[in-house]
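Visitor: Can you walk me through this one? I'd like to start with pockets, then look at contacts.

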Amino acid sequence: MCLVLHAINMKGLFFLCVVLFISCTFKPSGTEGTDSLSKNRTESVKNDSVKDNMLETYINSLDIRMELEDSIFSMYPDTLHMNIINNSDYKLLTGSRYSMKYFESGIWKSISQLENTIWADVEIPVGPQSSRGSDAILFIRNLKPGRYRIEKEFSIVIPTIKRSPNNIRITLSDEFILN
């Protein structure tokens, strides 16, 4: 009988040790797991932020620009003639859409009349290491004299390893003065 009690006590002691071990190492849902996920998400956001900054720095280092042929107008022009210069190794795509802003009181203000414009769905490519002329027909009349900026959105087509294009959107701009 003494031997049986000793065996039961050993089994009980073993069971007690297992229970204590599990309770000491197991954290209920929502405690340590959440901290770990939170740390992983924070690290992921930091890594994404670093990658975004590196990509932005790289894109800004490319010699891609838009230049107006004329930048000072004494009369209201019907069309703005611009050159799109692409000295990068990537193809650019754009359309006919553009936006304009007016400089007033130290800030650029959007000219809202262009927001309701219906734009032709045209794809205008600009090859790598090339330039292309383009015109922006000014639909707005009676602009007051001042400093203006025309902005145009482009996609930089960067091929990926999987042979599917990876488009990165950029906005190019140039300024003009209307006297």
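Visitor: How much space lies in the largest pocket?
Guide: About 500 Å³. A pocket here is an open set of points on a 1 Å grid over the protein atoms alone, where a 1.4 Å probe fits, with protein on both sides within 12 Å along at least five of seven lines. The volume is the space filled by probe spheres set on the points, with grid points joined across faces, edges and corners.

Visitor: What kind of model is this, and how are residues numbered?
Guide: It is a predicted model: local features need pLDDT of at least 70, side-chain atom pairs count only at pLDDT 80 or more, and totals for chains, interfaces and linings use all residues. Residues are numbered from 1 along each chain as its sequence is written, and side-chain values use heavy atoms, with hydrogens and water left out.

Visitor: Back to the pocket. How many residues line it, and which lie nearest its centre?
Guide: The lining has 24 residues. Ser-96, Arg-97, Tyr-98, Lys-152 and Glu-153 lie nearest the centre of the largest pocket. A lining residue has an atom within 4 Å of a point.

Visitor: Which elements give two or more residues to that lining?
Guide: Strand E4 (91-94), E5, E9 and E10. E9 gives the largest share, four residues. Strands are DSSP runs of E, at least two residues, and helices are runs of H or I, at least four, numbered from the N terminus.

Visitor: And how does the lining divide by residue type?
Guide: Eight nonpolar, seven polar and nine charged. Nonpolar covers Ala, Val, Leu, Ile, Met, Phe, Trp, Tyr, Cys and Pro; charged covers Asp, Glu, Lys and Arg; the others, Gly among them, are polar.

Visitor: Now the whole chain. How many helices and strands?
Guide: Two helices and 10 strands. Along the sequence the pattern reads α-α-β-β-β-β-β-β-β-β-β-β.

Visitor: What share of the chain is buried?
Guide: Buried residues make up 27% of the 179 residues. Buried means under 20% relative accessible area, exposed over 50%, and partly exposed in between (1.4 Å probe, protein chains only).

Visitor: Switching to charges. How many salt bridges are there?
Guide: A search of the whole structure finds eight. The criterion is a side-chain nitrogen of Lys or Arg within 4 Å of a carboxyl oxygen of Asp or Glu.

Visitor: What does Lys-101 pair with?
Guide: Glu-151, at 3.7 Å from N to O. Lys-101 lies in strand E5 (residues 99-104) and Glu-151 in strand E9 (residues 146-159), so the pair ties together parts that are 50 residues apart in sequence.

Visitor: Is Glu-151 buried or exposed?
Guide: Glu-151 is buried, at 14% relative accessible area.

Visitor: And which residue does Glu-175 meet?
Guide: Arg-147, in a salt bridge of 2.9 Å, N to O. Glu-175 is in strand E10 (residues 165-178) and Arg-147 in strand E9, so this pair ties together parts 28 residues apart in sequence. Glu-175 is partly exposed at 30%, and Arg-147 is partly exposed at 34%.

Visitor: How many aromatic pairs?
Guide: Four. Tyr-102 and Tyr-148 form a tilted one, 4.8 Å centre to centre with 50° between the planes. Rings of Phe, Tyr and Trp (its six-membered ring) pair if their centres lie within 6.5 Å; planes under 30 degrees apart are stacked, over 60 edge-to-face, the rest tilted.

Visitor: Where do those two tyrosines lie?
Guide: Tyr-102 is in strand E5 and Tyr-148 in strand E9, so the pair ties together parts 46 residues apart in sequence. Both Tyr-102 and Tyr-148 are buried. Tyr-148 also stacks with Phe-176, at 5.5 Å centre to centre and 15° between the planes.

Visitor: Which residues make up the ring cluster?
Guide: Phe-73, Tyr-102, Tyr-148 and Phe-176.
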